[in-house]
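Here are my notes on this model, point by point. Please read them with the structure open.

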Amino acid sequence: MAAQPKALHLEQANYLEGGGIYGWLTTIDHKRIAVLYGISALVLMALGGTEAMLVRAQLIVPNNHFLSADFYNQIFTMHGLTMIFLVLMPLETGFFGNFLIPLQIGARDVAFPRLNALSYWIFLLGAIALNLGWIFGGLPNGGWFGYANLTERAYAPGINIDYYDIGLLILGVSSVMSALNFFVTIVNMRAPGMTFMRMPMFIWALLVTVILILLAFPALTVGLIFLFADRYFGSHFYEVIAGATPMLWQHLFWIFGHPEVYIMALPAFGMISEVLPVFSRKPLFGYPMMAYSIILIAFLSYGVWGHHMFATGMGPVADSAFAITSMLIAIPTGVKVFSWIATVWGGRLRFTTAMLFALGFILEFTIGGLSGIMHASAPIDLEQTDSYFIVAHFHYVLFGGVLMAILAAFYYYFPKICGRFMNETVGKWHFWLTTIFFNCTFFPMHFLGEWGMPRRIYTYAPDMGWNFWNKFESISAFCLGASFLLFFANIAWSWFNGEHAGADPWDARTLEWSIPSPPPIYNFVKVPVVHSRDAFWVEKYGDVEASGLGEKRVNVEFLPPASPEEVAGIHIPAASLYPILMAGAIFLAGLGMLVGWFRLVFMGLGLLAFCAIAMSFEYREWGEDNPHQVSESFLGLDNRKLGVWSFIGSECVFFASLISTFMVYKSRSIGVPDAQILNIPLTSFSTFILLMSSLLMVLALAGFQRNNRFWGTFWLFGTAVFGLIFLGGQVYEFGSFYHEGMLYNSNLFSQCFYTLVGFHGFHVFIGVVWLITVAIAGMKGKIGSKRALSVELCGLYWHFVDIVWVVIFTLIYLMRTINRA
Amino acid sequence: MKPRNIKLKRASFMAAFLAMAGSLAGCASGGPYPLDTLSPKSDLTRSILSLFKEVTILDSIVLVVVIIAMIGAIFVYSSREGDPGEPSAMHSDVTLEMLWTVIPALILVAITVPTVHTIIRTQPETWPAETLEVKVIAHQWWWEFQYPSLGVITADEVHIPADRTIHFAMTSKDVIHSFFMPSVGGKRDVVPGQENQITLKADTPGEYYGQCTEFCGTSHANMRFRVFVDTPADFDKWVAHQNEPPVKPTEGAAAAGAKIWADAPCAICHTIKGVSGFSKDYTYGFRGPDLTHFGSRGTMAGSILKNTPENVALWIKNPDAVKPGANMPTLGLDGADLNNLVAYLESLK
Amino acid sequence: MSDHAIEHGHGVHAHAITEDHHPGAAVYLLVAVVLIVLTAMEIGVFYAPFLQAWLVPLLIILAVLKFILVAGFYMHLKYDSSVFTTLFAFPLLLAMMICGSLMLLFLYLGHHAG
């Protein structure tokens, strides 16, 4: 297959060695990508922490002039954006997820290594895009939640919100791509014997997290697209003047936003569930209920978003419904807290720094959760929302909870990542200083909230009774910031000088501890076969319930290193330059939008398309069926097919958001044109064409599967032709509407129509490009006959786009007389 | 108990003690707190407080249980490396799991039922006949109040009679704000293109503070207001006063100021009833607060300044310096002109 | 989930056999004909004045039928592992829930209704 690193003895190399800078820029090894994410996120953590220090410095005394009002608004916005999108998420999924998922499930890498690298580079460039305001002025200043209509050009004329919009769109692509990758990896690449109920709890947590990412980000994407259209193309998705309402942004944002907080919380739960059992020498308590509670929390998280909007006047029915669902979600969360305590109960405890942070997590997260229950009661929330009480709540769950879990995971996994321990003495200082100053900074915010201090204010009057605690919090915050310097210093020092650690320094329970620290490039010499939960523990001590105090049956520290013969059969995919190039292309396109230079946008998109196509031909097995991967996979399915279906799932939410907006806005549209302009006969013809194109598509697939290259290719081109006819019909339709006076921003109907149908058309266009690419590959004999996977995958996408048209044709065209259901 | 991990134990108890001391200190440290959410002065806020008290008690019970369980798990019912004997391996107990699912569920039901009941009770769809309607219109960054049935328009300070149902109907002229008056009415977002409402009956006359609590731009922090709950008699007096025509000074600085008002562009945004006209479609004369009885207000500029001649002068001289981003332009007035104008405005009692 | 992990080693042919159960071109053509008929019926419902009262439920039923046909036959869900059907069904359900909730919230509840 692909090249292996030269001049390196694969059996002795660890993943950190070799390749030079070019090696790191083109790496597709999940462990290196994880380290890249980790370093970036830590730098961004320092940036976000500095932003917090600035906020607290401004608030230390009333009527302060340390920061101007406008700059303060930028800083608190950036603090939120940075911590959520650039620190917590990348650390949990990009860093720990990337590093650990393959190791914990006994795999050699993730399902799509190059996509993995691409996710990282897109993330990095998205982070830069979001932060360009530091260099050019005009950081985002509308809050991390960017409520419309404050974010419209009329009220935010500068480039600030454009950085926000485009930066988040870019970051969203990275997250969804990663999520798809991890989803397929966890579902399909587990080692033999590792059923769902035998997976480490961290894998459960990540599995559910990535499902949330796949199915929540599209709502945000659609919201951002509407904002983009408003700001760049003069539409009015959030502006009252056209009959629209800024409330649409809030709903779309929180339909994303609430799952987002669980996207941040669930991996932390997973980490705690890894650390506590190891340092208690006991299995995790109530494993099945812990798994089911994660699923239930994720499921419910889609039904609670309105609790962020209790003050917006949704009416008593909606308020009550969201209050009830929000209370419900506390039940599985409580189950987890009690299970963690029961895990520790009766165990043999070792108070390493990781364990201290994990124990601290339980308490701090519980406090945060309990204040959350208050907010879930809508009437109480009418006093608390938008006050410092909320600031206290989410810092307890996100800092005292999620961040402390991440810190626990750092101290726990650092030896595995680089083969050295972090300094435990410094670590313990770090823990105590963090705990003390964290509580000193954030607990008083409950009081300030009770005394009415609103959020997001750059200053306050001296006679409000808030002076003492603001000063107290600010000083505590400075100390808290200083304690993080200890953490960064510990990492930097320990990476080079820390005490050496072996493969299993903590006497742990899961598979990642059975291989050397740092791991070799290929992870496992032989793919392990799993027979139970806590597979590694059982291998060492014979039983899940063993205390670990007896003799080890297997001591991985004394396993001989792999021999060249053992390693020779292991395939390592080659490095690739395309991920970083593609990320650069996306960044160029984004930059072009920001400076208004549309030539740059097209150049960027063109480069992106070129690289995507080139990358898909990079590996020789492109288009070939991969019986090797399929037979080794847990479910006996092809990764790429799972990937395409996952992508389709994500697209369902994307189109649902667009369609919902159309349905909600069509009765609010003012004046003409309205749905009467739609040409049913023409569109009926287009619908027939698209349906028939699906027929041609399956005939093409059948052709290839019968090894009939001619007919396969013929029908593929036929499908493409029909797709082009459909697109031609769309172009004609849009053109005729334009001539009848329906511009993009004429009214609410026109903008919703053009956006929804336009995006569908764009999907058809991408499908046609994909079809032609596959057809050309087919002509050159590059398509395998057994399953003709590449044709099948293209077909799945094509049929999905057809199905979406079925929905659009029905709801938008045929139901055009229905103004309100 | 053996002296295990003395250092850890000591450190934890120290931390816990400090935490508790801190919490109590928080409760004890002095007021007054003008935006206090725990001093209800209306039926609405009293309902909210009683819910809050109930939830706080239940939350505290849960927290204490969790803390005791953690103390038990960490310090009492666990062993340390080197201790004799085998540690427990218990990792499943159906009874326990059922208990800690059902009991929290019951606690949550105990919270949810009064919650839903309060939601429905505090968001009525009909109002008694004598309800007073107050229209709240939010602007960047000040609050406008209108009493349609009484013909009064004012800003920064809203008066309501005690012991009478008040219906606040709120909308915004620009972006989303939030109308927060913790003692009297909790909060509700104020959204353009939409009319939100708060219904309440205040019971204790007094002056209460309010502030915008939805981030609305540069001077969000400076968008405050005052709520005056008057006795019915005082309220009637206030209404009568507001309905009087404005003072027309005939001599002195105030009279000179009146002339400056007539010449300056102030009337494009501000209305003084009977002195400067306003357009029926509310575009002319309504971009800034109504100044007809400006002198009778205790605060100004979004209730961030006391209404004194010095502050009025400061404001007119450079609004942006007082309130960053303020929509009011600098008029370039200074010296005697400024003082006269100030005198005139302050005379508008 | 399943405990037949060991069988995968020599299961590729077993799976290949299941996967290879493709319907012939005849089935695809038949499905295409049904799709055409259903679409014609949809357009008929649209134009028929006596059906206007039933427009919404009829169109929804017809659209759902087309959806199932394309998903089941063309996207091969009928013949593939049920994993894929689950993978598709769950987001679909969520999509419908989002659509339904937003329509409820905007059109029938609260003060931005109507």
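1. Some terms come before the points that use them. A residue is buried under 20% relative accessible area, exposed over 50%, and partly exposed in between (1.4 Å probe, protein chains only). Helices (H or I, at least four residues) and strands (E, at least two) are DSSP runs, numbered from the N terminus.

2. Basis. This is a predicted model, in which local features need pLDDT of at least 70, side-chain atom pairs count only at pLDDT 80 or more, and totals for chains, interfaces and linings use all residues. Residues are numbered from 1 along each chain as its sequence is written, chains are lettered from A and ligands numbered from 1 in the order in which they are written, and side-chain values use heavy atoms, with hydrogens and water left out.

3. Helix α5 of chain B. This helix covers residues 252-263. Its buried residues are B:A254, B:A255, B:G257, B:I260 and B:W261. They pack against α8 (335-347) of chain B. The expected span of a helix is 1.5 Å times one less than its number of residues.

4. The interface of chain A and chain C. Contact means heavy atoms within 4.5 Å. By that rule, 78 residues from chain A and 63 residues from chain C take part. Buried area is the accessible area (1.4 Å probe) that two parts lose on being put together, summed over both. Here chain A and chain C bury about 6,400 Å², 79% of it on carbon and sulfur atoms.

5. A salt bridge is a side-chain nitrogen of Lys or Arg within 4 Å of a carboxyl oxygen of Asp or Glu. The rule finds 1 salt bridge between chain A and chain C. A:K641 pairs with C:D80, with the closest N and O atoms 2.7 Å apart. On the chain A side, helices that each supply at least two residues include α7 (201-233), α23 (639-665) and α27 (789-814). The chain A residues that touch chain C divide into 51 nonpolar, 20 polar and 7 charged. In this count Ala, Val, Leu, Ile, Met, Phe, Trp, Tyr, Cys and Pro are nonpolar, Asp, Glu, Lys and Arg are charged, and the others, Gly among them, are polar.

6. Salt bridges over all chains. A search of the whole structure finds 23. One of them joins A:R509 and A:D534, with the closest N and O atoms 2.8 Å apart. Both residues lie in the loop between α17 (467-497) and α18 (535-541) of chain A, 25 residues apart. A:R509 is buried at 3% relative accessible area. A:D534 is also buried, at 16%.

7. Two pairs in chain B. B:R46 and B:D203 meet in a salt bridge (2.8 Å, N to O). B:R46 lies in helix α2 (residues 43-76) and B:D203 in the loop between β9 (196-201) and β10 (206-212), so the pair ties together parts 157 residues apart in sequence. B:R46 is partly exposed at 39%, and B:D203 is partly exposed at 28%. B:K317 forms a salt bridge with B:D334, with the closest N and O atoms 3.8 Å apart. B:K317 sits in helix α6 (residues 309-317) and B:D334 in the loop between α7 (319-322) and α8 of chain B, 17 residues apart. B:K317 is partly exposed at 43%, and B:D334 is partly exposed at 46%.

8. A network. Salt bridges that share partners join A:R281, A:D504, A:D507, A:K540, A:K552 and B:E81.
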